[in-house]
2 protein chains.
Amino acid sequence: MGKRVLIIGGVAGGASAAARIRRIDEFAEIVMFERGPFVSFSNCALPFHLSGIVEESENLVLMTPEVFDKQYNIDARVNHEVTAINPKEKTIVVKNLLSGEETIEAYDELVLSPGANPVLPENIKGIHSAHVFSVRNVPDIDQIKRYIDQNNVQDVVVAGAGFIGIEVAENLKKAGKNVSLIEAADQVMEPFDYDMAQILHKEIMDNDVNLVLEDAIAEIKDDCVLLTSGKEIPGQVVIMAIGVKPELTLAKAAGLEIGKTGGIKVNHHYLTSEPHIYAVGDAIETTNLITRKPTRLTLAGPAQRQARAVADHMYGKQYRNTGVIGSSVIQCFEMNAASTGLNEKDCKKEGIDYRTSYVIPKDKVGLMPNARPIYFKLIFAYPSGQILGAQCMGEGNVDKRIDIIATMITMNGNLEDLKELELSYSPMFGTAKDAVNMAALVGLNILNGEYKQVPVTEIRSLIESNAFIIDGREPDEYEEGHMINAVNIPFSEFRNRLDEIPKDQPVYVHCLSSQRSYNMVKALQMRGFDNVFNLMGSFLGLCMYEYYNDQVTGRKPVVTNYRFDLL
Amino acid sequence: MGKRVLIIGGVAGGASAAARIRRIDEFAEIVMFERGPFVSFSNCALPFHLSGIVEESENLVLMTPEVFDKQYNIDARVNHEVTAINPKEKTIVVKNLLSGEETIEAYDELVLSPGANPVLPENIKGIHSAHVFSVRNVPDIDQIKRYIDQNNVQDVVVAGAGFIGIEVAENLKKAGKNVSLIEAADQVMEPFDYDMAQILHKEIMDNDVNLVLEDAIAEIKDDCVLLTSGKEIPGQVVIMAIGVKPELTLAKAAGLEIGKTGGIKVNHHYLTSEPHIYAVGDAIETTNLITRKPTRLTLAGPAQRQARAVADHMYGKQYRNTGVIGSSVIQCFEMNAASTGLNEKDCKKEGIDYRTSYVIPKDKVGLMPNARPIYFKLIFAYPSGQILGAQCMGEGNVDKRIDIIATMITMNGNLEDLKELELSYSPMFGTAKDAVNMAALVGLNILNGEYKQVPVTEIRSLIESNAFIIDGREPDEYEEGHMINAVNIPFSEFRNRLDEIPKDQPVYVHCLSSQRSYNMVKALQMRGFDNVFNLMGSFLGLCMYEYYNDQVTGRKPVVTNYRFDLL
């Protein structure tokens with residue numbers, strides 16, 4: 001009667017496409033093929049089964065083939081692997097993995113949503129051992145949990161400190177295991193810049209996970225792994241989460257064009273290089289809204305939107321492909337961490353001139369219970385002030401701040417827009433001037449040359465080179481911990497102590513979180529001090545930035561005392 | 001040396017202006033006059049002292065005159081009332097309320113931030129009794145708490161169910177008091193439409209506050225109040241929170257122009273009708289960004305931004321006055337409630353053609369702990385699809401959703417923008433398709449005429465008039481509670497039971513939260529049913545909408561059983 005639409009892959013992209021097609025065309029024949037035993041499971045929630053937060057792994061499955069059939073009249077065939085696509089004939093070859101039977105299925109429209117596979121480097125000796133796992137689907141997580149339980153495993157090595165690696169490590173820690181987290185880069189969580197990642201490093205260390213950076217697994221032995229550094233790390237289970245690569249087997253064999261980034265190339269309508277073949281999700285190359293360049297993004301939200309767009313285009317409905325900006329959030333023990341858009345690394349790579357602002361206000365009115373610091377970094381274009389990205393961490397509502405910035409980026413907002421943004425406020429939920437407003441105000445000061453600042457990454461070398469650093473906090477605050485060599489000239493006294501401040505050398509000012517030092521810097525400038533800098537992040541920012549590396553390297557701290565009790 | 005700037009009023013607007021002026025001009029002479037004993041206190045946090053959440057009332061004071069002096073070189077004079085302004089002479093008359101002494105102070109620039117006064121109707125007999133209070137400043141809240149404690153008051157009457165009234169009622173309830181909340185309108189919290197307000201009514205009732213709507217205090221007696229309805233409500237303390245009116249005494253006496261809305265008229269730069277006299281905060285008339293019309297808005301965020309703008313203009317700095325949209329959030333027991341922009345009432349008043357969408361998804365992935373429903377109503381312009389406003393309630397992160405919409409409104413976003421918005425997602429924080437995306441999708445369906453819907457406010461009359469209503473849930477769900485007269489044709493069976501559905505009369509479809517019924521409506525349309533409607537909010541929405549009035553009026557419910565256990 002209607003079109004015959006075949007869908008390869010039955011998770012986020014595939015299942016969304018199927019449901020949307022049904023809503024547009026009650027009479028289409030829709031068949032969805034899934035290699036695994038389940039369709040429509042929550043892959044993002046998989047790690048939470050390891051701690052028991054999601055108690056039963058079957059709860060991870062959102063829709064069964066039976067429900068697809070009864071509610072949506074969609075034929076969802078699990079344990080069915082598509083082994084070939086013949087674009088000229090408009091057919092696919094499908095193998096029933098249980099019976100071994102092969103059939104040829106004809107399509108009017110074909111949707112590829114094959115996803116991405118975990119990277120398992122062949123050069124790691126022992127990578128195919130029975131106690132090495134990856135996390136892609138429900139059987140994977142079931143297997144891991146069963147193996148750990150049955151073998152009473154105590155030590156687990158997680159390789160890769162991205163979203164999956166961190167969530168797996170945290171959930172195993174919550175399950176009482178000894179967890180080592182090995183990451184080849186010098187930081188966890190690529191979406192964050194190095195400075196912000198230090199906050200997560202501290203959080204991971206504080207929660208007793210053995211975090212090993214700039215190292216990788218060379219060999220997997222029975223109850224330990226050998227790192228390239230020569231270190232030996234105990235582990236009776238190894239979970240590989242160092243990254244994913246698009247599943248391209250079918251696409252390549254069918255002659256579909258592959259993009260430069262290694263994803264299936266699609267046009268504005270998510271059509272591949274062959275007519276009537278669409279592709280969505282983790283396997284495709286998409287476009288970054290900010291840089292206008294091809295990119296890959298393995299997130300569920302964009303996959304769902306792409307799937308919807310495919311269905312709409314199939315039936316001649318208008319659709320706007322706006323590309324992606326890359327918004328994400330993760331819970332890392334008590335610290336929530338969210339980001340959107342470009343980070344500093346991206347800007348440097350793309351040759352985009354940018355500036356940043358970094359503020360550490362409270363997430364709600366300070367006198368309310370549970371008011372906690374929020375670490376907020378804003379990236380904006382120079383000199384346009386256009387908002388490019390943000391990174392936010394804290395125990396509170398960081399996703400709110402990042403979603404506001406994501407909206408701003410999408411709507412092409414600049415610092416002036418963000419400064420004036422009128423957000424919902426009451427003391428339990430925020431501050432009258434929110435962190436995002438503050439970051440915009442600081443950003444405008446930078447853009448307008450109102451004052452100069454030094455990033456938190458450079459404070460250590462200033463301290464070590466004996467720069468003139470003013471601590472603008474009160475004496476009791478200074479006494480309990482301060483930057484080495486800093487001179488304590490409180491905000492409440494500085495106008496009477498100007499003669500203590502040199503005019504012939506740069507002067508660096510900080511306080512606890514840069515609110516007081518900002519005022520001091522402005523006043524000093526007007527009082528004839530031409531070479532004054534604000535230290536971004538101030539004392540709190542420096543403590544958070546330096547702590548992890550101080551601890552792991554044993555180097556001498558540049559503060560007399562970390563004051564995390566002030567948080 | 002610098003300008004002499006005088007500021008009348010030392011709370012949100014005044015204190016912000018003073019601090020900003022100091023940052024721009026280190027040499028200005030800044031004097032801030034405050035009639036009360038405190039400057040710079042958190043007026044929004046006042047009610048939280050009643051429950052002890054803010055234990056000491058002195059914690060409500062953010063900055064003392066001493067700190068203003070030492071840190072900012074600002075002369076903050078408390079207990080100083082400005083009694084007259086002489087614009088021609090550029091002077092004001094100030095009375096020291098402790099000594100009685102009067103002085104004349106000259107200004108180069110004057111900033112008015114006099115705020116607004118609680119409305120205390122003279123026609124209420126007993127309004128000036130010693131046990132009648134209002135909540136404007138720290139002494140007020142101190143007095144109330146002391147009076148209640150010293151007199152061991154058990155019954156409190158709160159008049160007015162706006163922000164202050166609800167927060168006072170909740171905090172007194174938390175302090176163990178019997179609280180009655182009297183509101184003249186037919187609903188609490190004016191920023192919300194009647195339908196959404198029902199959710200708050202239920203929450204207030206569930207928390208054992210005696211909520212009395214469409215009634216008002218006629219007389220205040222010693223230990224009770226008499227309402228206009230004749231009801232007598234026990235209360236040894238009465239707190240008046242029925243509204244505020246701008247404090248205009250000084251402005252009027254000085255001949256400053258007053259706007260039609262009853263606030264001090266200001267121009268783009270917040271200059272009053274007299275040169276060198278600015279006005280900010282609760283006392284002024286501002287402009288609504290959406291309607292472009294004058295309005296009044298008594299919120300702290302806008303006051304702070306206005307204060308900053310005043311300082312900027314005073315010193316020739318560029319500034320953009322974008323008007324206000326009115327974003328707010330309140331915690332009402334376990335229910336958070338936030339709103340932004342225009343509501344339906346506003347649109348009707350302004351003659352703006354609009355449509356709405358109403359969705360009740362979970363606030364995070366359903367299988368995660370603490371996933372809770374979020375009640376989200378979106379208002380958009382017809383036929384442009386421009387986003388006009390939103391209202392959101394739930395136990396979770398409602399402020400996030402409203403702040404996203406506030407950003408969209410500010411950036412002139414429409415439904416297409418909102419539909420595609422890429423927000424930070426992980427199962428602990430949201431869903432891959434967030435409530436705001438879903439509301440946009442439903443909105444686009446309405447805009448494009450994809451299907452028709454009936455608002456939750458009209459479901460009762462459909463039920464009572466024996467309309468053909470299909471309950472698309474499964475039989476076990478139906479059995480445990482359903483709309484009276486609804487026919488149970490589950491989503492999983494309807495294609496085999498089409499002959500049970502009439503073609504000659506309107507058909508209304510619902511499920512639990514309209515996700516399944518949306519699919520059914522689309523399918524039925526394609527199967528030749530031309531007159532099919534989706535019931536907005538579905539069973540869950542109806543239960544929330546009807547419950548409170550059912551309980552207080554004792555009328556027969558239109559559901560066989562409320563299923564709040566499903567929440």
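## Backbone of two loops in chain A

A:E214 sits in the loop that runs between strand 12 (210-213) and strand 13 (217-220) of chain A, where helices (H or I, at least four residues) and strands (E, at least two) are DSSP runs numbered from the N terminus. Its phi is near 50°, a positive value in a residue other than glycine, and with 61% relative accessibility A:E214 counts as exposed; here exposed means over 50% relative accessible area, buried under 20% and partly exposed in between (1.4 Å probe, protein chains only).

This is a predicted model, in which local features need pLDDT of at least 70 and side-chain atom pairs count only at pLDDT 80 or more, while totals for chains, interfaces and linings use all residues. Residues are numbered from 1 along each chain as its sequence is written, chains are lettered from A and ligands numbered from 1 in the order in which they are written, and side-chain values use heavy atoms, with hydrogens and water left out.

A:Y270, in the loop between helix 7 (249-253) and strand 18 (277-279) of chain A, likewise has a positive phi, near 65°, but A:Y270 is buried, with a relative accessible area of 4%. Most residues other than glycine have a negative phi, and most peptide bonds are trans.

## Cis peptide bonds

A cis peptide bond, with omega about 5°, joins A:Y382 and A:P383, and A:P383 is placed in the loop between strand 24 (374-381) and strand 25 (387-394) of chain A. In chain B, the bond from B:Y382 to B:P383 is cis with omega near 5°, and B:P383 is in the loop between strand 24 (374-381) and strand 25 (387-394) of chain B.

## Helix 10 of chain A

Because 12 of its 13 residues are buried, helix 10 of chain A is largely enclosed by the rest of the structure; the buried residues include A:V398, A:D403 and A:I409. At the start of this helix, a side-chain oxygen of A:N397 reaches to within 3.2 Å of the backbone nitrogen of A:K400, and just after the helix A:N412 takes a positive phi of about 60°.

## The interface of chains A and B

In chain B, 90 residues are in contact with 90 residues of chain A, contact meaning heavy atoms within 4.5 Å. The two chains bury about 7,900 Å² between them, 55% of it on carbon and sulfur atoms; buried area is the accessible area (1.4 Å probe) that two parts lose on being put together, summed over both.

Between the chains the count is 12 salt bridges, each a side-chain nitrogen of Lys or Arg within 4 Å of a carboxyl oxygen of Asp or Glu. The side chains of B:R320 and A:D417 meet in a salt bridge at 2.5 Å, N to O.

Notes
A polar contact is a pair of N or O atoms within 3.5 Å; within protein, one must be able to donate a hydrogen and the other to accept it, and residues adjacent in sequence count only if both atoms are side-chain atoms.
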